Amino acid sequence: MYIKINRETEFRVWDKVEKRVILLGDLKEISLWARIHPEIDFDERYEFMQFTGLLDRGWKKIYEKDILKFEIMGYNEVGVIDFYDSGFWIKKPNGELHLPAKEYREIVGNVYENPDLVGKN
């Protein structure tokens, strides 16, 4: 069976050693990178974050673990995007899941570089 994915599969990683985000690209690039650096234990050193297929209101790509500011029914909220159940959702610190339209969401950071922007998620 052949399944076609109709969105970009792109990744970035949080480098636990260098404390920075690195844009990796697609799975072919990641595979090449792993062959070039066989000495690196990828599971120990990196946290992988997949592009969600979503954009924020500034047309920036949203990745897993991004912190988003968004508006729901006139209230400004903040949460972390991640994969829950059947898709990508923004989870507020109280556990509520939301996915507002693009014009109501904005990336303000990520959980690795800006943990102070959101409570424990």
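Buried means under 20% relative accessible area, exposed means over 50%, and partly exposed lies in between (1.4 Å probe, protein chains only). This is a predicted model: local features need pLDDT of at least 70, side-chain atom pairs count only at pLDDT 80 or more, and totals for chains, interfaces and linings use all residues. Residues are numbered from 1 along each chain as its sequence is written, and side-chain values use heavy atoms, with hydrogens and water left out.

View 1. Helices (H or I, at least four residues) and strands (E, at least two) are DSSP runs, numbered from the N terminus. The order from the N terminus is β-β-α-α-β-β-β-β-β-β-β. The protein has 121 residues, of which 36% count as buried. Take the contacts (heavy atoms within 4.5 Å) with a separation of 6 or more: residues 24 or more positions apart account for 52% of them.

**View 2. Phe51 and Tyr63 form a tilted aromatic pair.** Three aromatic pairs occur in the structure. Rings of Phe, Tyr and Trp (its six-membered ring) pair if their centres lie within 6.5 Å; planes under 30 degrees apart count as stacked, over 60 as edge-to-face and the rest as tilted. Here the centres are 5.7 Å apart, with 55 degrees between the planes. The pair links distant parts of the chain, twelve residues apart: Phe51 belongs to strand 3 (residues 46-55) and Tyr63 to strand 4 (residues 61-63). Phe51 is buried, at 4% relative accessible area. Tyr63 is also buried, at 5%.

**View 3. Phe83 and Phe88 meet edge-to-face.** Their ring centres lie 5.4 Å apart and their planes stand at 80 degrees. Phe83 is partly exposed, with a relative accessible area of 46%. Phe88 is buried, at 11%.

**View 4. Lysines lie over the faces of Phe51 and Trp59.** A charge sits over a ring if NZ of Lys or CZ of Arg is within 6 Å of the ring centre and within 35 degrees of the ring normal. Lys61 is 5.3 Å from the ring centre of Phe51. Lys102 is 3.0 Å from the ring centre of Trp59.

**View 5. Glu106 and Arg57 form a salt bridge.** The structure holds eleven salt bridges. Each is a side-chain nitrogen of Lys or Arg within 4 Å of a carboxyl oxygen of Asp or Glu. Between Glu106 and Arg57, the N to O distance is 2.6 Å. This pair links distant parts of the chain, 49 residues apart: Glu106 is in strand 9 (residues 105-110), Arg57 in the loop between strand 3 and strand 4. Glu106 is partly exposed at 26%. Arg57 is partly exposed at 44%.

**View 6. Asp15, Glu18, Arg20 and Arg45 join in one network of salt bridges that share partners.** Asp15 bridges to Arg45, with the closest N and O atoms 2.9 Å apart. Those two residues link distant parts of the chain, 30 residues apart: Asp15 in strand 1 (residues 11-15), Arg45 in helix 2 (residues 42-45). Asp15 is buried, at 1% relative accessible area. Arg20 and Glu18 meet at 2.7 Å, N to O. Arg20 is partly exposed at 40%. Glu18 is partly exposed at 43%.
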